Amino acid sequence: MSDTVKKLTILPTDHPLRGHVRPPGSKSITNRALLLAGLAKGTSRLTGALKSDDTRYMADALRAMGVQVDEPDDTTFVVTGNGRLASPSAPLFLGNAGTATRFLTAAAALVDGPVVVDGDQHMRKRPIKPLVDALRKLGVEVASETGCPPVTVKGKGGFPAGRIEIDAGLSSQYVSALLMAAPGAKGPVRIELAGDEIGARGYIDLTVAAMRAFGAEVEQLSPSVWQVAPTGYRAADFAIEPDASAATYLWAAEVLTGGAIDIGVPASVFSQPDARAHDVISKFPHLPAVIDGSQMQDAIPTIAVLAAFNETPVRFVGLANLRVKECDRVRALSLGLTAIRPGLAHEEGDDLIVSSDPGLAGQTLPASIDTFADHRIAMSFALAGLKIHGIAIEDPGCVAKTYPAYWDALASLGVAYTGDRP
Ligand SMILES: O=C(O)C1=C[C@@H](OP(=O)(O)O)[C@@H](O)[C@H](O)C1
Ligand SMILES: C=C(OP(=O)(O)O)C(=O)O
């Protein structure tokens, strides 16, 4: 990174963090609800929604396809669709929003006309070939030169009934994308997982729940087979729960500083997979020796930074697909922790081993953390800054992807900064 890059230095707190902070709405649920409301006929009201880069990309893409998306306040979208998405006049630019990119690639098959789905330089490195191949097998004309965006879909207003196998080893979003497009097909669609390898199965459950709320008929025939009826969607009023991945930073800040942060909802009410991180985080400073990240992937950066302060070392397993998120998160975590102190973490294959040292707290260990433009790397390393003097977060504005108010939220609990607060 260049010397001109913006940096935010976190000043360690000399007191436990106490107060109320409500995390923003769930990114995953907001982007599902926006799409389903856009595919429905009529007006849907989505409340408790996230307003951030990722949901703005989704909302703008829907607008470009003829959907009316109004924003009466900071947490509400009012979406009016006519049951069809129109062919946009320009490529859809979706930044580094994995959900928007994957979900809209499949939904583009329902458009009558061409759709180009594209993203930024990070998204252009994130694989989408398994989804492209599956759509092609369903009879959709679709092309991607590199196996990553841009993807060109020549939609014909739907696709025939069929049965499709999808390898979701790299991303569960491929399955969610196919499921959400399926009610627009000409007949029933059966979606089967190839192999049992799937990270974050809980995201598929979120998808099915959202689809049902917008009138779809989805039957789960086995743990790896879903059957979707060609019902289309109907408009609905839909309340979105707070973001569980965003909550993990607050849960971790609480245990790390011995404070009490009220996020307004108990961990037990979340339906998102990352809520399971609450149990793990509450064991700090006695985190388990081995933590499997496969079913709470987005919470791993949070727990890995927390693990640096644990009593005993932690091995993180089940991380293979963290390498194809906004950045290679296994590498970014290992590099960031090593920048704080050599030997604090290392990689073994796809595992991350954090050596752990409760004595880190209170030390001065100046480190400039390369966030690789990844919101979760920025937000998780800020936790280290609550305890260690000299932690500077590069490109702190990248939190706008899912939690634009993150720095303000920490400030409201008494955290202070020096440098370029976005
Ligand atoms: O379906 C979703 O909403 C998500 C699924 C997960 O991604 P992958 O399925 O690509 O692992 C997760 O990391 C992402 O933040 C959101
Ligand atoms: C992986 C993430 O996002 P996405 O895949 O939706 O870009 C994330 O938010 O951690």
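Where is P285 found? P285 lies in the loop between α8 (277-281) and β16 (290-292).

## Basis of the model

This is a predicted model, in which local features need pLDDT of at least 70 and side-chain atom pairs count only at pLDDT 80 or more, while totals for chains, interfaces and linings use all residues. Residues are numbered from 1 along each chain as its sequence is written, and chains are lettered from A and ligands numbered from 1 in the order in which they are written.

Helices (H or I, at least four residues) and strands (E, at least two) are DSSP runs, numbered from the N terminus.

## Cis peptide bonds and positive phi

Most residues other than glycine have a negative phi, and most peptide bonds are trans. The bond from F284 to P285 is cis, with omega near 10°. A cis peptide bond also joins P149 and P150, with omega about 5°; P150 is in the loop between β8 (141-143) and β9 (151-156).

S356, in the loop between β19 (351-354) and β20 (364-369), has a positive phi near 75°. S356 is buried, with 20 other C-beta atoms within 10 Å. A373, located between β20 and α11, has a positive phi of about 60° and is partly exposed, with 19 such atoms within 10 Å. A residue is buried if 20 or more other C-beta atoms lie within 10 Å of its own, exposed if 12 or fewer, and partly exposed in between, with C-beta atoms placed from the backbone.

## Helix α5 and the annotated site

The axes of α5 (residues 173-181) and α6 (residues 202-213) come within 9 Å and cross at roughly 15°. That makes α5 roughly parallel to α6 (an angle under 35 degrees). Axes are lines fitted to C-alpha atoms, for helices over the stretch in contact, and angles run from 0 to 180 degrees between N-to-C directions. V175, S176, L179 and M180 of α5 meet Y203, I204, T207, V208 and M211 of α6; contact requires C-beta atoms, placed from the backbone, to lie within 7 Å.

An unreviewed UniProt entry places the feature "binding site" at positions including S172 and Q173; such annotations may be inferred rather than shown by experiment. S172 lies in the loop between β10 (162-166) and α5 and is buried, with 24 other C-beta atoms within 10 Å. Q173 is in helix α5 and counts as buried, with 26 C-beta neighbours inside 10 Å. Leaving aside its neighbours within four places in sequence, Q173 is in contact with G98, T99 and R102.

Key:
Parallel < 35°, antiparallel > 145°, perpendicular 65-115°, else oblique. Contact = placed C-beta atoms within 7 Å.
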